[in-house]
Amino acid sequence: MRFRDVVLVVVLILAGFVFFQFKTGQWRFDGDWAWFDDWNWGFDGREVIAEDTRTFEAPLPPAIEIANGHGRVEVRGGDQDFAQMTFRKVVWRRDPEEAKSVAAQVKYTATATADTLTLSTNREEFRRKSFETAFILTVPRSMVVRVSNGYGPVQIERVKEAAVRNRHGQVHVAGIDGPCVLETSHEDVEAREIMGSCRIVNSHADVRAFLVGGDLSVETSYGRVRVEDAGGRADLRARNSDVEARRVTGAVTVETSYEKVLLDDVGPAKVTGHNMAVAAQNVRGGLEVRTSHQPVRAAGVRGDLLIDARNAAVTARDIDGPAISVETSYENVVLDDFSGDVSVVCRNGDVHLGPRDLRGGMNVRGEHGRIVLLWPSGGTARLEARSRGGSIIWGLAGDPDVNETNGVAVLKAFAASTAAPLIYLSTSYDDIRIDEAGRRF
């Protein structure tokens with residue numbers, strides 16, 4: 001390889017690295033470049049901390065807005081009608097006297113209207129921004145709190161409403177009497193004891209939501225989503241994220257990929273994605289799953305079950321819905337303790353059926369796979385089975401109406417039960433077996 005080719009490869013690698021940093025939010029053109037301007041190039045830096053305090057007397061506006069550039073924000077509600085504020089400044093410079101001078105110049109601003117008390121800083125007046133500021137407040141519990149922050153953690157507790165827009169930093173809210181909206185990236189978000197609705201937007205970090213009274217909406221990526229005890233709907237959209245939802249009163253919608261999904265004690269659920277394992281139990285309604293290349297397990301579904309999966313094993317039991325539809329390939333399907341109409345398409349995999357009763361019909365079509373049906377005691381249904389290149393093994397008492405082989409094995413039974421549902425089983429190059437229930441697969 002010639003020298004210029006080597007240089008070209010290096011340039012392309014560096015360009016790709018820079019593009020990735022901006023794409024993922026690690027670098028921004030409009031960000032704070034103080035890390036470069038004030039980098040400690042071999043010298044010991046100095047840190048200076050200073051604080052200002054203030055009390056905002058009653059009566060206060062119903063809302064407070066805090067705009068902070070770089071640092072932390074903490075707001076806690078209390079049984080009071082006034083607000084107490086601590087404004088903390090942390091300045092880094094190589095020269096301690098210069099650090100003290102900058103600390104004296106860093107100030108907060110406070111403006112009040114009939115509707116809102118607004119707190120901000122004069123950060124934009126400084127060319128070199130190697131400092132951070134923190135707002136720490138105690139406010140009335142009836143306060144609506146809105147925070148806009150740059151790089152740093154935000155914590156809000158025991159207020160009426162909360163709205164946070166954080167560029168990079170942890171967000172923690174708890175004890176909110178109404179709704180909340182939370183947004184950040186590259187750090188975790190936790191919302192706990194939210195009486196109203198809750199909307200969370202994040203990326204490259206975890207999201208945790210516990211005890212949410214209203215509807216919950218989550219948008220995130222490359223992290224983990226954990227939801228427990230939600231009183232409304234849960235709409236969880238997460239790319240490349242592990243999703244877990246437990247005890248959700250309303251419907252659950254999940255969109256993700258390449259990780260696993262766990263649902264337990266939820267309302268009607270819909271899971272969509274690819275390359276993700278899905279496990280759902282105690283679903284109070286229907287369950288719809290669309291995935292690929294990872295197993296699907298369902299138990300305790302009280303509505304229709306629909307599974308559309310490529311190259312994925314499917315196991316389902318205790319299904320009470322009127323309809324079950326499963327389609328997959330190259331893996332096995334096991335359905336046990338179900339009642340209702342059944343449709344199964346399985347290519348290059350076995351199908352095992354253990355119905356609770358025979359009140360619904362069955363249409364099971366396989367290719368290059370075995371079909372096993374365990375006939376429930378006392379069940380009545382018309383049966384037609386066909387296997388091209390395989391055999392049909394009859395394990396019930398009495399003889400079938402038709403049992404013949406002429407290139408294609410055909411078996412028919414209970415044709416006189418004209419009012420009974422039809423069970424149709426078909427496969428190729430493998431066997432069909434009909435046995436009394438109680439036998440192991």
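Mentor: The model is predicted. The position to start from is A381, which lies in the loop between β33 (371–375) and β34 (382–388). What is A381 in contact with, leaving aside its neighbours within four places in sequence? The residues are L358, W375, A413, F414, A420, P421 and I423. T418 is 37 residues from A381 in sequence, and the C-alpha atoms of the two are 8.6 Å apart in space.

S203 sits in the loop between β14 (198–201) and β15 (207–212). With a relative accessible area of 18%, S203 is buried because the limit is under 20%. Not counting residues up to four places away in sequence, S203 touches T184, S185, H186, T220 and S221. Q80 belongs to the loop between β3 (73–78) and β4 (83–93). The side chain of Q80 comes to 2.7 Å from the backbone oxygen of F82. Beyond residues up to four places away in sequence, Q80 touches T138, V139 and P140.

Next comes a helix. In α3 (residues 96–105), the buried residues are A99, V102 and A103. These three lie on the same side of α3, because they cover an arc of only 105° around the axis. The elements they pack against are β1 (46–56), β4 and β7 (131–140). The N-terminal end of α3 is capped by D95, with a side-chain oxygen 3.1 Å from the backbone nitrogen of E97.

Strand pairing is the next topic. Strand β8 (residues 144–151) runs parallel to strand β2 (residues 63–67), and five bridges join the two. Within this pair, E65 stands opposite R146 of β8. β8 also pairs with strand β10 (residues 161–168), again in the parallel sense, over seven bridges. Here V144 has E161 in β10 as its bridge partner.

The cysteines need a separate word. A disulfide is a covalent bond between the sulfur atoms of two cysteines. How many disulfides does the count give? The count is zero. C180 shows why: the closest cysteine sulfur, in C198, is 3.2 Å from its own sulfur, which is too far for a bond when the cut-off is within 2.5 Å. C180 is buried, with a relative accessible area of 1%. C346 also counts as buried, at 1% relative accessibility.

Finally, the chain as a whole. The chain holds three helices and 39 strands. Among contacts between residues at least 6 apart in sequence, 34% join residues at least 24 apart. The accessible surface of the chain comes to about 21,400 Å², and carbon and sulfur atoms account for 49% of that surface.

Terms used. Residues numbered from 1 in each chain as written. Predicted model: local features only at pLDDT ≥ 70, side-chain atom pairs only at ≥ 80, totals over all residues. Heavy atoms only, no water. Helix = DSSP H or I, 4+ residues; strand = E, 2+ residues; numbered from the N terminus. Contact = heavy atoms within 4.5 Å. Pairing = 2+ DSSP bridges. Buried < 20%, exposed > 50% of the residue type's maximum accessible area, 1.4 Å probe, protein only. Polar contact = N/O pair within 3.5 Å; in protein donor to acceptor, adjacent residues only side chain to side chain. Arc of directions from axis to C-beta. Areas by Shrake-Rupley, 256 points an atom, 1.4 Å probe, with all protein chains shown as cover.
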